[in-house]
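Below is a walk through one protein model, written for someone seeing it for the first time. Please keep the sequence and the structure in view while reading.

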Amino acid sequence: ALLSDYIADDNCHAIVKLAAISGLGLAYAGTNRQDILDMLVPLISDTDITIDLSSMAALSAGLVCIGSGNSDVSTVILQSMMERVDGELSHKLARFMALGLGLLYVGTQDKYDTILETLKAITHPIGKQASILMQVCAYAGTGNVLEVQKMLHLCAEHVSDKEDQLGQAFAVLGVGVISMGESVGSAMSLRTFEHLMHYGEAYVRRTVPLAMGLVCASNPVVGVVDTLSKFSHDNDKSVASSAIFAMGMVGAGTNNARLAQLLRQLATYYQKDADVLFVVRISQGLLHMGKGTMTINPYHHDRTLLSHTALAGLLVPVVAMINAEKLVLTSSHFLLYYLVRAMYPRFLITLDENLESVSASVRVGQAVDAVGQVGRPKTITGFQTHETPVLLGHAERAEVATEKYVALTSVLEGFVILKKNPDYVEEKEEEG
């Protein structure tokens, strides 16, 4: 109700309108509400308004019905791309129209063939960019090897024209986004990124650190931190700022002492360069997010389920950081707010059946993969016993330590409801 007035009001300033459109997308991400779409869709197709408003409306519509493959919205976005002149499609925010289209198909795998054919009719490079983003989103987190190979082929092409390089940058992100779901794929993609960094074009190089940040969101792996630290002193300022932002993503909400020290050193190193210093400050904020109680990793439920809205929340700032000097470091820094969709507390909080907070003993330790093992194998190793509420790190798992309570879910994460065990008998201390 608050935001719809700004969108309907024609006398409203363009920046306020832009903020209202973005706000709707953030607030209703993943809700698939028709009344919100009714407000946003006319803005996408209206060629009288500026391309930046249409692009953000497309992004917000993509967020609202993310992963639904909504054909009405995708048709409107495609028509808008075809009706706009090339000059408008080269606008710095036009890429979010392509991203909005991609978000509609997150996790749908191969339901987008007709749209890919339609995109081929668009002569402007945005058509190719949109088709790459679409394949990236459709296979996000699946670890599909063939799709990763397709993306690598795109990265290896030698592109001379400035415009087409953005498509290559999206392909680099694609390698990370598709393989982020499973450990082997992630490790392979990190090795691939090293090669791309040596041999890639300028745009590929500035995107590699961001893709690394996506693969290891809120998971400060020592090797990745070292690599990013090396890139953060690169001669190319864009590569340096990408690497610094990626350091913030990798350490988001972990309070990692080593990363904090590296970022402090970078702050003194870049003290005369206001743009890079701005990125350093953002990364420091991300590192200590929620005083170290939050995470931006889009995986939950023991790293088995991918949250689509959280993935979108990571993709928007990352796509903006590819051209940081045009977007985040000038007037479009509001794009960083989309990270909010990916933020979630790392707490394990236990409640009883009446949803009253209850304190129980839990063992927290490194998760062990016990899939397909016989009997009752140990699921965690090197555990410590804590009273809830307790913080869970990356790749940590918790289990109830006593038999006093029975958990109503198999995965202890976030809010867990515990039931008193009816068969539990407290051991009485023997009198001496």
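Where is the place of Pro 389? In this predicted model, Pro 389 sits in the loop between strand 7 (380-387) and strand 8 (390-391). The peptide bond that leads from Thr 388 into Pro 389 is cis, its omega being near 0°.

Strand 8 also belongs to a sheet. This is an open sheet of four strands, in the order 8-5-11-10, and its pairing is mixed. Because strand 8 and strand 10 (405-407) each have a single partner strand, they stand at the edges, and one side of each is left without a neighbour in the sheet. Strand 5 (residues 347-351) and strand 11 (residues 414-420) pair in the parallel sense, over four bridges. Within this part of the sheet, Leu 348 has Gly 414 in strand 11 as its bridge partner.

The next topic is backbone angles. Most residues other than glycine have a negative phi, and most peptide bonds are trans. Ser 218, which is not a glycine, has a positive phi of about 55°. Its place is the loop between helix 13 and helix 14. Lys 291 is not a glycine either, and has a positive phi of about 55°. Lys 291 is found in the loop between helix 17 (274-287) and strand 1 (294-295). Are these residues buried or exposed? Ser 218 counts as buried because its relative accessibility is 6%, under the 20% limit. Lys 291 counts as exposed because its relative accessibility is 75%, over the 50% limit.

Helix 14 (residues 222-231) has the buried residues Val 224, Val 225, Thr 227, Leu 228, Ser 229 and Phe 231. What do the buried residues of helix 14 pack against? Their partners are helix 12 (183-199), helix 13 (202-215), helix 15 (237-250) and helix 16 (257-269).

That leaves the nonpolar interior. In soluble globular proteins, nonpolar side chains tend to be buried together. The largest nonpolar core here has 136 residues, and those with the most contacts inside it are Met 56, Phe 96, Leu 101, Leu 103, Leu 119, Phe 193 and Leu 335. Helix 18 (residues 308-322) gives the most to this core, with eleven residues. Leaving aside residues up to four places away in sequence, Phe 96 touches Ser 55, Met 56, Leu 59, Val 316, Val 319, Ala 320, Leu 327 and Leu 335. Another core, of 13 residues, lies apart from the largest one and has among its members Val 362, Tyr 405, Leu 412 and Val 416.

Key
Residues numbered from 1 in each chain as written. Predicted model: local features only at pLDDT ≥ 70, side-chain atom pairs only at ≥ 80, totals over all residues. Heavy atoms only, no water. Buried < 20%, exposed > 50% of the residue type's maximum accessible area, 1.4 Å probe, protein only. Helix = DSSP H or I, 4+ residues; strand = E, 2+ residues; numbered from the N terminus. Contact = heavy atoms within 4.5 Å. Core = buried A, V, L, I, M, F, W, Y, C linked by side-chain atoms within 4.5 Å. Pairing = 2+ DSSP bridges.
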